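Colleague: I am new to reading protein models. Could you walk me through a few features?

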Amino acid sequence: MDNITALSLIETISALKAKKFSTKELNESYLSRIKKLEPILNSFIFVNEKSNKIPLAVKDLIAVQGMPMTCGSKILESYIPPYNATVIDNILKNNVSVIGKTNLDEFAMGSSGENSAFGPARNPWDPKKVPGGSSSGSAVAIAADLAVFALGTDTGGSIRQPAALCGIVGLKPSYGRVSRYGAQAMASSLDQIGPVTKTVSDARLVLEWISGGDNYDSNAISEKFTNVRAAKIKGLRIGIPKEYFAEGLNPEVEKNVRAAILKLENLGAKTVEINLPNTKYAIAVYYLIMSSEASSNLARYDGIRFGKTRELFGPETKRRIMLGTFALSAGYYEDYFIKAAKVRTLIKQDFEKAFEKCDVIAGPVFPTVAWPIGEKISDPLAMYLMDAYTIPASLAGIPALSLPCGQVGGLPVGLQLVGKYMDEATILDVAEIYEDSTNWHKKKPKL
Amino acid sequence: MKTKTTGLKISRLAKLANVPINSEEEKLYESQLSKILEYVDLIESVNLITTQPTYNVSAGKNITRHDSVSKSITHEKALQNGKGNEGYFFTEGVFTEN
C-alpha cells in the first residue's frame with residue numbers, strides 16, 4: 001500500500017484490521033522514513049528500532065521503562081526510567097509501541113525548541129525555522145510523518161504552540177483530565193500530558209486512551225474521557241476575545257484566524273465578542289508561578305539518585321530556577337508568588353464570566369508563524385511574550401486545542417479553541433466539524 | 001512591592017537555588033533577570049484586596065488511599081541510575097571537612 005506513513009491513527013487502525021499491511025511493514029516504513037529525514041529534522045533523541053506495533057512518538061520527559069529519558073538535558077543524558085508513566089501503561093494496551101523519544105526544550109522550558117541540549121528540532125515546512133516548543137520533536141515527528149501519533153506536555157502552551165507552527169493538531173486537556181505520573185514535573189499546578197496528532201479525531205481517540213486517574217496523581221479525576229461526536233454546530237456560541245486580536249498579532253496570522261472563525265459561522269455557529277480583561281497580566285503571573293513551582297520540582301536533581309550535577313543545566317533552566325527561587329524567597333514571597341496566585345484567580349474568573357455568554361472561545365495560538373532558528377534566542381523576555389494567547393487557558397486549568405487553519409508564506413497558522421473546564425468534548429466537536437470542511441490537515445511539507 | 005533591584009544579587013540567588021554559575025554567567029543573568037522582574041512588576045498595579053489566591057485549579061479535595069503496603073519497584077531498579085554499589089547510593093560526605 002502506498003504512503004502508509006501518511007495515514008492518520010484511525011486510518012492506520014482500520015487498515016491493519018483490513019489487513020492492508022502488517023505492523024511489521026508499518027514500522028519498516030516509519031523507521032526508514034526516520035532514517036532518511038532525521039539528519040535534517042533532529043526530532044528524535046532516541047529511536048527504538050524494535051518498535052513492532054502502531055508507532056507512537058513520546059516527548060522525552062515522559063517515562064517509558066527501559067528507554068532513555070533525557071528531558072532534553074545533559075544532566076539526564078544517561079538516565080533510564082525503571083517504570084512507565086501511567087499514560088504509557090494506558091496507551092500500550094491498544095496495540096501501540098513506542099518508536100522513539102522526541103526532542104524538546106530542556107525540562108520543557110521554551111517556546112521554540114531551541115533550548116534542547118541536543119540541538120533544536122527543525123520545522124519540516126522550512127528546516128531553517130523553529131518548530132515551536134517545548135514539545136518540538138513530537139510536533140515535527142507528526143508533521144513529517146515519522147510516527148502515527150505522539151504525546152507531548154503543555155504547561156503554558158507547549159503542545160499548542162509547536163502544533164500551530166508545524167500545521168498539526170495538539171490538545172491540552174483540562175487540568176486533572178490525564179494523570180501526570182511519569183512526566184517530569186515542570187509546574188505542578190499547570191502541567192498536562194496531551195495528544196499531538198494528524199487529525200482531530202485521532203486526538204479524541206488518544207485522549208480517551210490516556211485519560212483517567214490512578215493512585216499517583218491526586219489531582220487527576222478518576223473517570224476516563226469518553227465522547228461520541230455530537231456534531232452540533234448550529235447555534236453554538238463562539239466567543240471572540242478582543243484582547244487576543246490586539247497589538248502584537250501579525251496581520252497575516254490574524255487574517256487566517258478570522259477566516260477560520262468566519263468558516264465556523266458559515267457552518268452555523270454564532271460569534272459573540274467577549275472580554276478577558278486580565279489577559280494583560282497572564283504572562284507575568286505565569287512566569288512567576290511556573291518558575292516558582294519549577295524551581296521546587298528541579299531541586300531533585302542533586303546527582304545522587306540519578307543524573308549529573310547542577311552546573312550542567314542549560315541557560316534557560318538556570319534562569320527560571322533562579323527566578324522561581326527569588327519569587328519564593330523570604331521578603332519577596334508575598335509580593336511575587338502569592339500576588340501572582342491572586343491574579344490567577346482573576347484570570348480564571350474572566351473565563352467563568354465569558355463562558356456565561358459563549359460555549360467555546362476562538363483565537364490565535366501564536367502571534368506569528370515560525371521564525372528563523374537563532375533569531376530570538378538572546379532575548380528571553382521577547383520569547384516569553386510569545387506565550388500571550390496560550391498561557392491564560394493553562395492558568396485557568398481549562399482545555400484548549402490547536403488545529404491548522406491556514407498558511408502565511410508556506411508556514412502553518414493554528415486556530416486555538418478553548419473550552420469550559422472538563423469540556424474537551426465541545427472543542428473537539430467544533431474542531432472536527434471545521435476539519436471536515438477544510439483541507440489544511442491534509443497538507444504535508446515537501447521533504 | 002519591593003523593586004527589581006533590591007535583593008537581586010545573582011551570586012546569592014544562585015547559591016540559594018543551588019545553581020552553580022561563573023562570573024560571566026552572573027553578569028548575563030543579572031541583566032536578563034532584571035529585565036524580567038521589571039516586566040512581572042506589572043501585577044503590582046492590580047487591586048487584590050478581596051481576592052483569594054488560586055494554587056490548585058482541579059476539582060478534587062482530600063484525595064486519600066488506604067494505608068496499606070503495595071508493590072513498588074525492586075531495590076536494583078531503584079539503584080540503577082545512581083552512583084555506588086553494595087546496595088547503596090553514594091553521596092558527598094555531610095560531616096567531612098572541605
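Predicted model: local features only at pLDDT ≥ 70, side-chain atom pairs only at ≥ 80, totals over all residues.

Colleague: Let us begin with one residue. Where is A:Ser51 placed?

Modeller: Start with the chain elements on either side. A:Ser51 is in the loop between strand 1 (44-47) and strand 2 (54-59) of chain A.

Colleague: Is A:Ser51 buried or exposed?

Modeller: Look at the relative accessible area. Under 20% means buried. A:Ser51 has 6% relative accessibility, so A:Ser51 counts as buried.

Colleague: Which residues does A:Ser51 touch, not counting residues up to four places away in sequence?

Modeller: There are A:Asn27, A:Ser97, A:Val98 and A:Ile99. With A:Asn27 there is also a polar contact between the side chains, at 2.6 Å.

Colleague: Now a helix. Which helix holds A:Ala294?

Modeller: Helix 8 of chain A, residues 282-297. A:Ala294 has a relative accessible area of 1%, so A:Ala294 is buried.

Colleague: What is A:Ala294 in contact with, leaving aside neighbours within four places in sequence?

Modeller: A:Met109 and A:Met186. Also check distances between C-alpha atoms. A:Ala294 and A:Gly324 are 30 residues apart along the chain, and their C-alpha atoms are separated by 7.1 Å.

Colleague: Show me one. Which residue forms a salt bridge with A:Asp359?

Modeller: A:Arg237 does, and the closest N and O atoms are 3.0 Å apart. Now place both partners. A:Asp359 lies in the loop between helix 10 (334-354) and strand 9 (360-364) of chain A, while A:Arg237 lies in strand 7 (residues 237-241), so the pair ties together parts that are 122 residues apart in sequence.

Colleague: And how do these two partners sit, buried or exposed?

Modeller: Take them one by one. A:Asp359 is buried, at 17% relative accessible area. A:Arg237 is partly exposed, at 30%.

Colleague: What about a salt bridge inside a helix? How far apart are A:Lys255 and A:Glu252?

Modeller: Count along the helix. A:Lys255 and A:Glu252 are three residues apart in helix 7 (residues 251-266) of chain A, so about one helical turn separates them. Their side chains meet in a salt bridge of 3.6 Å, N to O. A:Lys255 is exposed, with 55% relative accessible area. A:Glu252 is partly exposed, at 37%.

Colleague: Now beyond pairs. Which residues are linked in a network of salt bridges?

Modeller: One such network links A:Asp145, A:Lys198 and A:Lys444.

Colleague: Last, the surface. Which residues make a nonpolar surface patch of about 250 Å²?

Modeller: Read the chain letters with care. The patch is made by A:Leu328, A:Tyr333 and B:Tyr55.

Colleague: Where does B:Tyr55 sit in chain B?

Modeller: In the loop between helix 2 (23-40) and helix 3 (75-79). B:Tyr55 has 40% relative accessibility, so B:Tyr55 counts as partly exposed.

Technical notes. Residues numbered from 1 in each chain as written. Chains lettered and ligands numbered in written order. Heavy atoms only, no water. Helix = DSSP H or I, 4+ residues; strand = E, 2+ residues; numbered from the N terminus. Buried < 20%, exposed > 50% of the residue type's maximum accessible area, 1.4 Å probe, protein only. Polar contact = N/O pair within 3.5 Å; in protein donor to acceptor, adjacent residues only side chain to side chain. Contact = heavy atoms within 4.5 Å. Salt bridge = Lys/Arg side-chain N within 4 Å of Asp/Glu carboxyl O. Patch = residues over 30% accessible without salt bridge, like charges linked within 9 Å, V, L, I, M, F, W, Y side chains within 5 Å. Areas by Shrake-Rupley, 256 points an atom, 1.4 Å probe, with all protein chains shown as cover.
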